[in-house]
Amino acid sequence: HVQLVESGGDSVQAGGSLRLSCAASPYTLISSCMAWFRQAPGKEREGVARIATGSGNTYYADSVKGRFTISRDVAKNTVYPQMNSLKPEDTGMYFCARVRFSYIACVSGSSAYGYWGQGTQVTVS
């Protein structure tokens, strides 16, 4: 069973940066799609960025393009969203997720993701 553990959330000032981490276990060589979603209080969960762990192809929500960069360390089975130029509207609980099945394309819809971390809080003020 896949387990995801997020870390790196913090409180930062606007314009600051954070690097989140999502470590997946157990380790697998099978490529998949891993994504980050976020949810602010009173708002719906939204996709932020995702990465195909095999190809390295990345995808970003329009709201974070140019500011966020997602990468992965295959050896560590870990995904890292580097978040720069943070804005107050970036505040929220950030969740790492992995698609339910490896063969699922790296889609944006949360319904495709069957494994979720517990979340890490990002607060920008």
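1. Let's start with a term: a residue is called buried when its relative accessible area is under 20%, exposed when that area is over 50%, and partly exposed in between (1.4 Å probe, protein chains only). By that rule Asn77 is buried, because its relative accessible area is 12%. Its phi is positive, about 55°, although Asn77 is not a glycine. You will find Asn77 in the loop between β8 and β9; strands here are DSSP runs (E, at least two residues), numbered from the N terminus.

2. Before you go on, please note that this is a predicted model, in which local features need pLDDT of at least 70 and side-chain atom pairs count only at pLDDT 80 or more, while totals for chains, interfaces and linings use all residues. Residues are numbered from 1 along each chain as its sequence is written, and side-chain values use heavy atoms, with hydrogens and water left out.

3. Now look at Ser85, which has a positive phi of about 50° without being a glycine. Ser85 sits in the loop between β9 and β10 (92–99). Is Ser85 buried or partly exposed? With 40% relative accessibility, Ser85 counts as partly exposed.

4. Another backbone feature to find is the cis peptide bond between Ser25 and Pro26, with omega about -5°. Pro26 belongs to the loop between β4 (21–25) and β5 (33–39).

5. Which residues are linked into a cluster by ring pairs? They are Phe37, Tyr113 and Trp116. Rings of Phe, Tyr and Trp (its six-membered ring) pair if their centres lie within 6.5 Å; planes under 30 degrees apart count as stacked, over 60 as edge-to-face and the rest as tilted. The structure holds four aromatic pairs. One of them is Phe37 with Tyr113, an edge-to-face pair at 5.4 Å centre to centre and 75° between the planes. Phe37 is in strand β5 and Tyr113 in strand β11 (residues 113–116), so this pair ties together parts that are 76 residues apart in sequence. Tyr113 and Trp116 have ring centres 6.5 Å apart and planes at 70°, so they too are edge-to-face.

6. Finally, check two arginines. A charge sits over a ring if NZ of Lys or CZ of Arg is within 6 Å of the ring centre and within 35 degrees of the ring normal. The charged end of Arg19 is over the ring of Tyr80, 3.9 Å from its centre, and Arg45 lies over the face of Phe37, at 6.0 Å from the ring centre.

Terms used: Helix = DSSP H or I, 4+ residues; strand = E, 2+ residues; numbered from the N terminus.
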